[in-house]
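Thanks, everyone. Please look at the sequence and the structure on the screen while I talk.

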Amino acid sequence: AAARKAYTDANPLSRARYEAACAVMPGGNTRTVLFFEPFPLCIARGEGCRLWDADGHEYLDFLGEFTAGLFGHSHPAIARAVKDALDNGILLSGHNMVEARFAAAVCARFPSLEAVRFTNSGTEANVLALATAKVATGRSKVLVFDGAYHGSVLSFARGVLPINVPHAWVVGTYNDVAGTEALFDAHGDELAAVLVEPMLGSGGCVPAERAFLEMLRARTQRCGALLVLDEVMTSRLAPGGLQSELGIRPDLTTLGKYIGGGMSFGAFGGRRELMDRYDPRRTDALPHAGTFNNNVLTMNAGLAALELLTPETVRELSARGDALRTRLNRLCTEASVPMLFTGLGSLLTVHFTARPVRCGADAASGNAELKELFFFDMLTRGIYLARRGMMTLSLPNGNAECDALLVAVASFLEERRSLL
Ligand code: PLP
């Protein structure tokens with residue numbers, strides 16, 4: 001309560017903007033994930049890995065737009081690509097000069113993508129991948145996992161099924177090999193697809209165990225369902241996506257976030273024979289229009305983004321994130337508190353629990369009050385992160401910024417020790 005009050009007192013202009021927004025948007029909000037009590041911050045400006053809110057506080061940005069902001073705010077190369085689109089037409093009512101180049105760059109980067117189609121968001125990419133699977137298999141059930149997030153209409157957090165999406169869901173427990181095998185035994189013949197993140201992202205940065213993903217690959221092959229890997233968040237973790245690191249080749253992959261250079265972006269792709277169902281020359285072609293699918297802003301920004309992101313850059317960022325998480329966890333162990341940071345590479349989430357975090361329920365079982373305290377505490381120390389405790393490293397978050405985060409967490413552990 002004291003932390004909330006201090007936050008309220010420190011942010012009168014964010015509060016005023018929130019109250020005004022409530023008059024015209026439900027809860028003052030058009031992105032549910034950004035809401036928190038007593039009111040969310042209003043961010044006025046960003047540059048590199050720094051943010052300034054409406055009340056003038058400066059933050060080190062450790063949220064990185066939930067992974068879409070990999071390049072930092074207003075990266076000059078991406079700004080140039082966007083400006084070029086602004087100068088020459090951002091939506092040209094036709095095919096354009098850059099979409100096939102961008103598609104080639106995406107397919108070259110992720111070897112399981114023999115062909116790709118663009119969407120406007122990761123949500124849309126997943127909706128289309130599932131539609132593809134249903135048509136390809138003639139089946140209707142989809143196996144997903146508790147705690148998974150596949151987009152705004154495809155959230156499986158804490159037993160909640162998505163609203164108004166016409167699939168028959170079978171919901172398994174993440175990383176539970178035996179339990180999931182039982183679901184294949186019961187439903188395998190009716191499954192169109194298994195949709196899975198190779199690490200639960202929003203669900204708490206919970207990496208999949210290799211045996212779990214290998215079982216999903218083998219069992220989908222055996223029962224004739226498609227394996228759809230949602231790499232909207234995880235594709236940044238290795239040069240060919242997390243799938244390449246794990247040696248798992250899915251039938252379809254969905255992408256999003258940073259690949260569009262910070263513009264609205266999503267993509268789905270995979271086996272040629274599946275993707276060819278969208279070939280408009282076919283008499284039985286599946287429809288997939290979308291006014292903004294090939295908009296030049298995103299195509300240009302995405303191409304510039306992928307050019308910046310060499311395999312070395314990807315590996316370096318992952319190594320920096322792994323080193324940071326190791327050091328953060330060492331602080332927690334030394335302080336002997338039930339607190340840990342899970343994740344892979346540049347993606348991490350703090351949990352206030354003593355139990356290992358292997359599935360959505362483990363991630364949801366932590367102490368919610370301590371997580372809230374951590375969040376407000378970090379804000380007062382100038383560290384911006386997600387209210388649910390997720391953090392990401394973007395390219396501009398270098399060693400100095402990681403050290404600043406470590407100092408902030410060390411101070412939190414020392415000053416709040418009696419509460420932990
Ligand atoms: N899939 C995963 C794993 C995600 O983390 C997200 C967004 O957080 C999505 C899909 C949805 O992407 P978008 O927000 O672009 O619709």
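One definition before we start. A residue is buried if 20 or more other C-beta atoms lie within 10 Å of its own, exposed if 12 or fewer, and partly exposed in between. Keep in mind that this is a predicted model.

Take alanine 6 as a test case. Alanine 6 sits in helix α1. Is alanine 6 buried, exposed or partly exposed? It has 14 C-beta neighbours inside 10 Å, so it counts as partly exposed. Now look along the chain to aspartate 377. Alanine 6 and aspartate 377 lie 371 residues apart in sequence. In space, their C-alpha atoms are 9.9 Å apart.

Next, the layout. The chain splits into domain 1, residues 1–61, domain 2, residues 76–308, and domain 3, residues 390–420. The centres of domain 2 and domain 3, taken over C-alpha atoms, are separated by 32 Å.

On to helix α2. It runs over residues 12–22. Which of its residues are buried? They are Ser14, Arg15, Arg17 and Tyr18. Viewed down the axis of α2, these buried residues fall within an arc of 165°, so they line one face of the helix. Here is the background. An α-helix has 3.6 residues a turn, so residues three or four places apart point the same way. What does the buried side of α2 pack against? Its buried residues pack against α1, residues 2–10, and β2, residues 50–53. Turn to the face pointing away from that buried side. There you find the exposed residues Pro12, Glu19 and Ala20.

Alanine 21 is also in helix α2. It counts as partly exposed, because it has 17 C-beta neighbours inside 10 Å.

Now some backbone details. Where is the cis peptide bond? It joins glutamate 37 and proline 38, with omega about 0°. Proline 38 belongs to the loop between α2 and β1, residues 43–47.

Move on to the loop between β3, residues 58–61, and α3, residues 76–88. Phenylalanine 66 is in that loop. Its phi is near 50°, a positive value in a residue other than glycine. Threonine 67 is in the loop between β3 and α3 too. Its phi is near 90°, again positive in a residue other than glycine. What about burial? Phenylalanine 66 has 18 C-beta neighbours inside 10 Å, so it counts as partly exposed. Threonine 67 has 24 inside 10 Å, so it counts as buried.

Glutamate 99 is next. It is in helix α4, residues 99–109. With 19 other C-beta atoms within 10 Å, glutamate 99 is partly exposed. Leaving out residues up to four places away in sequence, it touches Asn294 and Met299. Serine 14 is 85 residues from glutamate 99 along the chain, and their C-alpha atoms are separated by 39 Å.

Now the core. The largest nonpolar core has 108 residues. Which of them have the most contacts inside it? They are Ala193, Val194, Leu226, Val228, Tyr384 and Leu385. Let me pick out alanine 193. Setting aside neighbours within four places in sequence, alanine 193 is in contact with Leu130, Ala133, Val142, Ala225, Leu226 and Val228. Two of those partners, Leu226 and Val228, are also on the list of residues with the most core contacts.

Last stop, the ligand. How many residues are around the ligand? There are 17. Ser121, Gly122, Thr123, Gly151 and Val232 come nearest. Which helix gives the most to this shell? It is α5, residues 122–137, with three residues. By type, the shell divides into four nonpolar, 11 polar and two charged residues.

To recap two points. The buried residues of α2 line one face of the helix. Helix α5 gives the most to the shell around the ligand. I'll take questions now.

Methods:
Residues are numbered from 1 along each chain as its sequence is written. This is a predicted model: local features need pLDDT of at least 70, side-chain atom pairs count only at pLDDT 80 or more; totals for chains, interfaces and linings use all residues. A residue is near a molecule or strand if its C-beta atom, placed from the backbone, lies within 6 Å of it. Helices (H or I, at least four residues) and strands (E, at least two) are DSSP runs, numbered from the N terminus. Ala, Val, Leu, Ile, Met, Phe, Trp, Tyr, Cys and Pro count as nonpolar, Asp, Glu, Lys and Arg as charged, and the others, Gly among them, as polar. A nonpolar core is a set of buried Ala, Val, Leu, Ile, Met, Phe, Trp, Tyr and Cys residues joined through C-beta atoms within 7 Å. Two residues are in contact if their C-beta atoms, placed from the backbone, lie within 7 Å. The arc is that of the directions from the helix axis to the C-beta atoms. Domain bounds come from an automatic or database domain assignment.
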